[in-house]
Amino acid sequence: MLAHRLRRSAAALPARYWVVAGQAVVSGTSFLTNIFIARLCGLSTFGAYSAWQMVLLLALSVQGALITQPMQIVHGETLPARRPAYRQALLAMQLAFSLVAVAAVAGGAALLPRGVAGALPAFLVCLVAGCGQDTARKLLLAEGRVRAALVSDGLSAGGQVLVLLYWALGRSPVALPAVLWAIGLTTVPALLLSGRALGLTLRFAELRSFAGAHWRRARWLLPTALLQWASSNALLVFAGFLGSAAMLGILRLAQTLMGVLNVGLQAVENYALPRLSHTFHRQPHLFAAQRARLGRTLLLVGALPLALLFALAGPIVGWLQAGRVAHSNVLRWCCLLYVVILLVYPLRLSVRLLANARPYFEGYVLSVAVSFGLARWLIGQWQASGVVLGWVVAQAVLGVYWALAVRRAQVKSLETIIPAL
């Protein structure tokens, strides 16, 4: 009887709760994985793992621009009778992307030292399984099959966490290839389950038509995705080349710890963006005050966690076997970075409201240029802390540029409204 009631209650839950639960599983597993690896393997191994993860994130960014983001639009435009053919075409596109990604990574890894490239086979499994699961999961969500997506996420996350717990209890050293094999192989069952739920088979009917529909959108999404990746990772790439694996490890560890705040920012975006849009277009004279109020709220809410993280930076980093003072200072600089991010965030939402997306794109171009221009000097002067300072400067540049773009748009809006009055 109780089980029946629970099933009925679960069935009655709105779809958005299932989607949020799935995202929490994915984000939580990623967070735990990073903490486990940093704790069990040390900063150097975690830095090497992070370098491979940056490659995976780049592949996912390109895949998002070419496949998953256009899919979210094309799927809705496709008549129900044609959707089975669209699924098959999507699978063909995904396989083609995976083959190209594997060839590109394998070709690039041939230039790396033998010790670094030794993890390549395991990473290629991660690459194919992770990219495939990302597309399958988003297709399930696009079709409203939110519970199947959550089960798939849980299957992958459960296997991954069990392996990590086994290693943690065993207290034996874990090599990087073993970590990558574990992540890749625990994703495969989830991918197979998603494929079965979708009824995917490989066919090429209407592939050309659907691929054309994707490309018409992807040609604008792709450069933006590459710029966003570069904006986040340009200084990390320089740190990897100019510094050490341990330096890259502490930077990625700081990003992981600070990433908890990103979940809150995403929730704020989902809530605040529609309200900002209403005021921006219908009551522009009130928009600046509403945006300032949002900024104050973000700072007030973020003040306590940032203060705690700043105060506890030393014990946290020490527990993760990275107890040098310089490493805890990196985490403290990240607290300053997130103060700047919170100040810029209302402007980021504002620039998305503009009819022309060009300022959003140009802002990232400018921030990437600043990051590359300052990278060698900042890292040479302050090592890992210099990378975080570069992020601070890049965020400040974004904020100033977007503030000017929004102000110009508001002036034009008021010039249009006043003659009408």
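Which residues in α6 meet which residues in α7? The legends below take up this question and related ones for a predicted model.

Figure 1. From α6, the residues Gln133, Arg137, Leu140 and Leu141 meet Val146, Ala148, Ala149, Ser152 and Asp153 of α7. By class, the residues of this contact divide into 5 nonpolar, 2 polar and 2 charged. The axes of the two helices, α6 and α7, come within 7 Å and cross at roughly 155 degrees. This angle makes α6 roughly antiparallel to α7, because angles over 145 degrees count as roughly antiparallel. The crossing in which α6 passes α7 is left-handed.

**Figure 2. Salt bridge between arginine 87 and glutamate 143.** The closest N and O atoms of arginine 87 and glutamate 143 are 2.6 Å apart. Arginine 87 belongs to helix α4 (residues 83-109), whereas glutamate 143 is found in the loop between α6 (120-142) and α7 (146-170), so the pair ties together parts that are 56 residues apart in sequence. Is arginine 87 buried or exposed? With a relative accessible area of 18%, arginine 87 is buried, because buried means under 20% relative accessible area.

**Figure 3. Salt-bridge network of Arg87, Glu143 and Arg145.**

**Figure 4. Salt bridge between lysine 138 and aspartate 134 in helix α6.** Here the closest N and O atoms are 3.4 Å apart. What separates lysine 138 and aspartate 134 along the helix? The two residues are 4 residues apart in α6, so about one helical turn lies between them. Aspartate 134 is buried, with a relative accessible area of 18%, while lysine 138, at 24% relative accessibility, counts as partly exposed.

**Figure 5. Packing of α6 with helix α8 (residues 176-198).** The axes of α6 and α8 are 8 Å apart, and the helices pack at an angle of about 30 degrees. The two helices are therefore roughly parallel to each other, a term that applies to angles under 35 degrees. In passing α8, α6 makes a left-handed crossing. How many nonpolar, polar and charged residues does the contact of α6 with α8 have? The contact has 19 nonpolar and 6 polar residues, and no charged residues.

**Figure 6. Packing of α7 with α8.** The axes of α7 and α8 come within 8 Å, crossing at roughly 155 degrees. It follows that α7 and α8 are roughly antiparallel to each other. The crossing in which α7 passes α8 is right-handed. On the α7 side, the contact is made by Val151, Ser152, Leu155, Ser156, Gly159, Gln160, Val163 and Trp167. On the α8 side, the contributing residues are Ala178, Val179, Ala182, Ile183, Thr186, Thr187, Pro189, Ala190, Leu193 and Ser194. The residues of this contact divide into 11 nonpolar and 7 polar, with no charged residues.

**Figure 7. Glutamine 53 and cysteine 126.** Glutamine 53 is located in helix α3 (residues 43-77). At 16% relative accessibility, glutamine 53 counts as buried. Along the chain, glutamine 53 and cysteine 126 are 73 residues apart, and their C-alpha atoms are separated by 9.6 Å.

**Figure 8. Setting of the close-up views within the whole protein.** How many helices and strands are there in the protein? The protein has 14 helices and 0 strands. Along the sequence, the elements follow the pattern α-α-α-α-α-α-α-α-α-α-α-α-α-α. Of the 421 residues in the protein, 44% are buried. Among contacts between residues at least 6 apart in sequence, 83% join residues at least 24 apart.

Note on methods. Residues are numbered from 1 along each chain as its sequence is written. This is a predicted model: local features need pLDDT of at least 70, side-chain atom pairs count only at pLDDT 80 or more; totals for chains, interfaces and linings use all residues. Side-chain values use heavy atoms; hydrogens and water are left out. A salt bridge is a side-chain nitrogen of Lys or Arg within 4 Å of a carboxyl oxygen of Asp or Glu. Buried means under 20% relative accessible area, exposed over 50%, partly exposed in between (1.4 Å probe, protein chains only). Axes are lines fitted to C-alpha atoms, for helices over the stretch in contact, and angles run from 0 to 180 degrees between N-to-C directions. Angles under 35 degrees count as roughly parallel, over 145 as roughly antiparallel, 65 to 115 as roughly perpendicular and the rest as oblique. A crossing is left-handed if the near helix is turned anticlockwise from the far one by less than a right angle, and right-handed if clockwise. Contact means heavy atoms within 4.5 Å. Ala, Val, Leu, Ile, Met, Phe, Trp, Tyr, Cys and Pro count as nonpolar, Asp, Glu, Lys and Arg as charged, and the others, Gly among them, as polar.
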